[in-house]
Amino acid sequence: MQAIAARWLQVISVSTITLNIPPELDNGEREAIALALETGERQILLDEREARQVAQNLGLQTIGTLGILLLAKNRKIITQVQPLLDAMINTAQYWVSRSLYEQVLRQIGELID
């Protein structure tokens, strides 16, 4: 609610979900893809592999939560990814495979073999 009050986040309802967005996807993912298409946005934040594939097939560029964390670190918005990623996993029950976890941390120099 604070993000909405601060006006850096807007809530927009989607008018139509087209048939080329499979009903097997989560409702939130379907609405996000439909809204991007409806508003002409070309970039979308999605984590689930199936939703990302559908979005890409519809001409959208996708990025996931881990990609956002990497961008934030590279742009010096955050100083470390690992504490945030650990909190996401432990507190918010965000699931990420051990190999991807290590790959991301290795990529940004926070995990040294």
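## Reading the model

Reader: Gln93 is found in the loop between α5 and α6. Is Gln93 buried or exposed?

Author: This is a predicted model, in which local features need pLDDT of at least 70, side-chain atom pairs count only at pLDDT 80 or more, and totals for chains, interfaces and linings use all residues. Residues are numbered from 1 along each chain as its sequence is written, and side-chain values use heavy atoms, with hydrogens and water left out. Buried means under 20% relative accessible area, exposed over 50% and partly exposed in between (1.4 Å probe, protein chains only). At a relative accessible area of 69%, Gln93 is exposed.

Reader: What is phi of Gln93 near?

Author: Most residues other than glycine have a negative phi. Gln93 is a residue other than glycine with a positive value. Its phi is near 60 degrees.

Reader: Where is Lys76 placed?

Author: Lys76 also has a positive phi, near 60 degrees. Lys76 is exposed, with a relative accessible area of 72%. Its place is in the loop between α4 and α5.

Reader: In which order do the elements of the chain run?

Author: Helices (H or I, at least four residues) and strands (E, at least two) are DSSP runs, numbered from the N terminus. The chain has 6 helices and 2 strands. From the N terminus on, the order is α-α-β-α-β-α-α-α.

Reader: What share of the residues of the chain counts as buried?

Author: The C-alpha trace spans about 50 × 35 × 25 Å along its principal axes. The chain has 113 residues. The buried share is 28%.

Reader: What do the buried residues of α3 pack against?

Author: The buried residues of α3 (residues 49-57) are Ala51, Val54 and Ala55. They lie on the same side of α3 because they cover an arc of only 100 degrees around the axis, taken from the directions from the helix axis to the C-beta atoms. They pack against α2 (27-39), β1 (43-45) and β2 (61-63).

Reader: Which exposed residues are carried on the face of α3 turned away from its buried side?

Author: The helix has a buried side and an opposite face. α3 is followed by Gly59, whose phi is positive, near 90 degrees. The exposed residues on the face turned away are Arg49, Glu50 and Asn57.

Reader: How far apart are the closest N and O atoms of Glu110 and Lys73?

Author: A salt bridge is a side-chain nitrogen of Lys or Arg within 4 Å of a carboxyl oxygen of Asp or Glu. The structure holds 2 salt bridges. Glu110 lies in the segment after α6 (98-107) and Lys73 in α4 (65-74), so the pair ties together parts 37 residues apart in sequence. Both residues are buried, and the closest N and O atoms are apart by 2.8 Å.

Reader: Is Glu102 exposed or partly exposed?

Author: Arg98 and Glu102 meet in a salt bridge (3.1 Å, N to O). Both lie in α6, 4 residues apart, about one turn of the helix. Arg98 counts as exposed at 55% relative accessibility. Glu102, with a relative accessible area of 26%, is partly exposed.

Reader: Which residues make the nonpolar surface patch of about 640 Å²?

Author: Patches are made of residues with over 30% relative accessible area and no salt bridge, where like charges are joined within 9 Å and nonpolar side chains (Val, Leu, Ile, Met, Phe, Trp, Tyr) within 5 Å. Accessible areas come from the Shrake-Rupley method with a 1.4 Å probe, and for residues only the protein chains shown count as cover. One member, Val11, is found in the loop between α1 (2-5) and α2 and counts as exposed at 69% relative accessibility. The patch is made by Met1, Ile4, Trp8, Leu9 and Val11.

Notes:
Contact = heavy atoms within 4.5 Å.
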